[in-house]
Amino acid sequence: MRLRVRVGMDELLKDFLTETAEQIEAVGTQLVLLERDPSDAAMIASIFRLVHTIKGTCGFLGLNRLGQLAHAAETLIGRIRDGATPTPDAVTVILAAIDRIKAVLAELERTAQEPEGDDSDLVQALELQSAAVAASTRQAQQQAPEPLPQSVKSERQTSAQPGEEASPQIRRPETIRVAVGALERIMLLVSELVLTRNQLLELTRRETEETIKAPLQRLSGLTSDLQDAVMRARMQPVGRLFGSLPRLVRELAAEVGKKIHLVTEGAETELDRQLIELIRDPLTHMIRNCAAHGIESSAERLASGKPEAGTIRISASHEAGQITINVVDDGRGLDIPRIRQKAIALGLADEAEVARMSNEDICRFIFAPGFSTAGAVTSLSGRGVGMDVVRENIEAIGGSISLSSTLGQGTCFSIKIPLTLAIAPALIVQAGDHRFALPQMSVVEAVGLGPGAAHTLERVQGAKVLRLRQDVLPVADLSEMFGLADAENESEARLVVVMRVGLLSFGILVSSVADVQEIVVKPLGPSLAHLKIFSGHTILGDGSVVLILDPAGVAGSLGLQRTTDYNVMAPADLTASSHESTRLILFRAGSGPLKALPLSLVSRIESVASEQLTESDGTLIMLHKDRLVPVLPASPDMMRKTGVHPILVISLGDESMGLLVDEIVDIVDEALAIQIAGSAEEIVGTAEVRGNPVDVLDIMHFVRRARPNAQLRVAARRFKVLLVDDKLFFRDMLAPVLTSGGYDVMTCASAIEALAFLQRGVAFDAIVTDTDMPEMDGYRFAEAVHEQPRCGDLPIIALAAHPSAPVLAAARASGVSAVAGKFDRRALLNALRACLNTEDLANTDLEQRVLTEKAA
Amino acid sequence: MSALALRQTGHAKPLPGASAEQRCFTVIDGDEMFGLPVQSVQTIFRIGGVTPVPLGPADVEGLVNLRGRIVTAVSLKRRLGNAPLRSARGELAIGIEHDGENFALIVDEVGDVIPCDESATITRPPHIDPTRARLIRAYYRLDSGILPILDMDAVFDFADRNRPSVSQSHNNTAMRRNQ
């Protein structure tokens, strides 16, 4: 509400404030336009009239301070109206005076009192400029011997009045002024009407009586129309926002010393007035960016054959229930290599990832928090708060922002925002016996869980995650989070609603989706407004109240923060991980060199007194959080000592085991390169870590002993692939392909030989086999492999000269995972990666998550 | 009565102490009677469904639909530190608009509107439990006994018990102002 006038305040003053507040904004815009086209007499006249009105009313209301200021401004504007050239200096002073008037008005509005203050500085400056332009007028008059008589001018003024194209503020005589409060009140009542209508519809859903149905339908239709009409009444042309831009650009241009031309289009596009205010800041910021970074200096532009003045073009349009606002500059475009470098430097992506990304994806990095390629910090931009804040603001109102850029030709930012915030479609979800509303604009999909469903909910150290295609998403369990009584058991069919807030994806675990409804969003009262997880509440069709979950709040409660979780990449693939450094925990256990484990495997470190360890059935047992955890010594020659032992707790899904060590030495980041293979079964091999030999333990060995049923893989391990082909030529051709793809390869010349390998217990992660072989073909081989113990789900990729339909059918029938063309190197590697990825994604991803969490 | 009419009466409340005689609306919790400034009472109703607010202040029973308006239900019993309600459903509540927020104050019973003479106030007996005394604006001596008058600012300020007080400067200053 713009006006908060005290009861009893003079009506006249109230009217004055309302009227002036609207017009003062227009003056700033008009002045800037005037500076560009000083011959526009209609505009000068309208500015003069306004200032004159202010001056007159001030005298009447006894507002002396405003009166003096307005008087001085009027004198100067009057000179310009009488033919003086509006010099940039004069315009600047007038703009400053208008700012001061605005500030005084704001204070007046708040307190109904004219604030104390001294304006003599401005009054003097205005008088000085009046004198200066008066001098120029005389010169001009000398040059133009026949100045237009006053009467002719005023004729021009009147003739160029309403609907004049040049004036951005089109005055329509058929509009009336309505207090914002009154409009809000109507909107509120209509919202209530919509709710009541919904309740009625809900009550009569099963009603068959036509005499009730028909008028109810009519009521329903009328309510929708009314809602629509009121929404429209709240709409304002986006020109209101554009109006302040010419002045902004003028000031920016002066500040950066560039010539910038502003073009606005689609000022008549209408938008909810609330939204207009909300996009003001983001838009301003983007224009600042264009002026500071986008547009080149005049010299640079001329050198590259562009017009000297840069252009910022801002256009608004309405399409498909959304408003699109484009901010386009014809500047130098984004510096892709520089952004790439910066992204790597900030650790947002590594070189391999960046190399795979499209230019568009790389451009999106500028929306990452703290991302700025500006070398110097200026007052304009490059202060570290930048496009991420813009993105956040836009997304907070349910909008999105994208950009495209061409080097040397410019950049285009595109904002899409909804028409209104008051009414939004929402998913009504059930959690326990509670219902909540989820704004549909953040919902990506709903994924079914439970027996027979394609997706399962997994737990990492007690936290729920959902494996969805390539991603592992953190899942918020509403029942758990809110401590709701949740009678149903885990096996019951449940849903994860996948949400996306900006670049963050996560899931919300619910019992079911009850409904999809248009809800009227109402803000929470002050006593509940501190709950970040709810954005408001609403009344549903059945009259019940539901809380609206704030997707950003839920993300926050999961610990997803924009600073640490910015990630546009798919998970890094396995082959790349061997070059990355691994965070290792170094410890002493028994004699010999230090021992090491990837820290990602360790979920926590416990200190346990020896009396808390009991021996049972040959192994040590420790009681931890009401659960018995088996504990193994990390080295067979460890002496049992009394006192407190550090125990590394290894989590295996829901189960865990402990590893007893003598002493924790350090945690280091090292590229793990095993140089000597281990001879003892609990040791993978020996690696050099900071100049010392370190034995890297094979966690699988311990897990097999402590938790024979648990499955776990060590991240640093390479995949072993068995290549079966009867022709030496293909073996020689394909083995290097696989090796270079990061796999350890073993070759066999026949299916029989391969089966013999498997029977001897040699383990592989995947088999690549030719289909057309003597004795036993690839399909029969595949069937035979899957009959082997422990090989039931071993991925097999079949090689065929041409993967035609009959080949694919036969492959499917025999249990082959994928078929690749014999000469299609890439298809083979992709198929292999796909098989092993889906098999191993959970472990590697979880480990990476653990690592990043530890790092953060 | 329409919501609009109720609102207007709420706005037009006279300044406290403006008149020598005030009228108080009485409510009963257990065997105790309390007074409310009559102008803060908008409506009396029975609560239908209650939507709990997870993670919300413990003294907030939940949200209630009062004829299309969402109000925050607060139990007087719980505010006074007496045994909490099992469920607010079906309970008697008083609709109160306070500081721009709509509340439903759940009480056991409602009593009469009685006149209270400003001159009949007594100083607070010093040995009243401070957590309970905090909710009371004044004590009136009546023929039938002593009537404590609820301080709406204190009744609907949950900062002290449910939230870190530093973050809630708004309500705290309101409280300090009244003390």
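Let's start with two helices of chain A, H7(A) and H8 (residues 210–234), whose axes come within 10 Å and cross at roughly 155°. With the cut-off for roughly antiparallel being over 145 degrees, that crossing makes H7(A) roughly antiparallel to H8(A). As for handedness, H7(A) and H8(A) cross in a left-handed way. Please keep in mind, everyone, that this is a predicted model.

Who makes the contact? On the H7(A) side you'll find, among others, Leu183(A), Ile186(A), Met187(A) and Val190(A). H8(A) answers with residues including Leu216(A), Leu219(A), Thr223(A) and Leu226(A). Each helix also brings an arginine to this contact: Arg197(A) from H7(A) and Arg234(A) from H8(A). Sorted by class, the H7(A)–H8(A) contact has 13 nonpolar, three polar and two charged residues.

Now over to the contact between the chains, where chain A puts in 22 residues and chain B 23 residues. Which elements give two or more residues to chain A's side? They are our friend H7 (180–203), plus strands S17 (534–539) and S18 (545–549) of chain A. That side has 11 nonpolar, nine polar and two charged residues.

Note on methods. Residues numbered from 1 in each chain as written. Chains lettered and ligands numbered in written order. Predicted model: local features only at pLDDT ≥ 70, side-chain atom pairs only at ≥ 80, totals over all residues. Contact = placed C-beta atoms within 7 Å. Helix = DSSP H or I, 4+ residues; strand = E, 2+ residues; numbered from the N terminus. Nonpolar A, V, L, I, M, F, W, Y, C, P; charged D, E, K, R; others polar. Axes fitted to C-alpha atoms, helices over the stretch in contact; angles between N-to-C directions. Parallel < 35°, antiparallel > 145°, perpendicular 65-115°, else oblique. Left-handed = near helix turned anticlockwise from the far one by under 90°.
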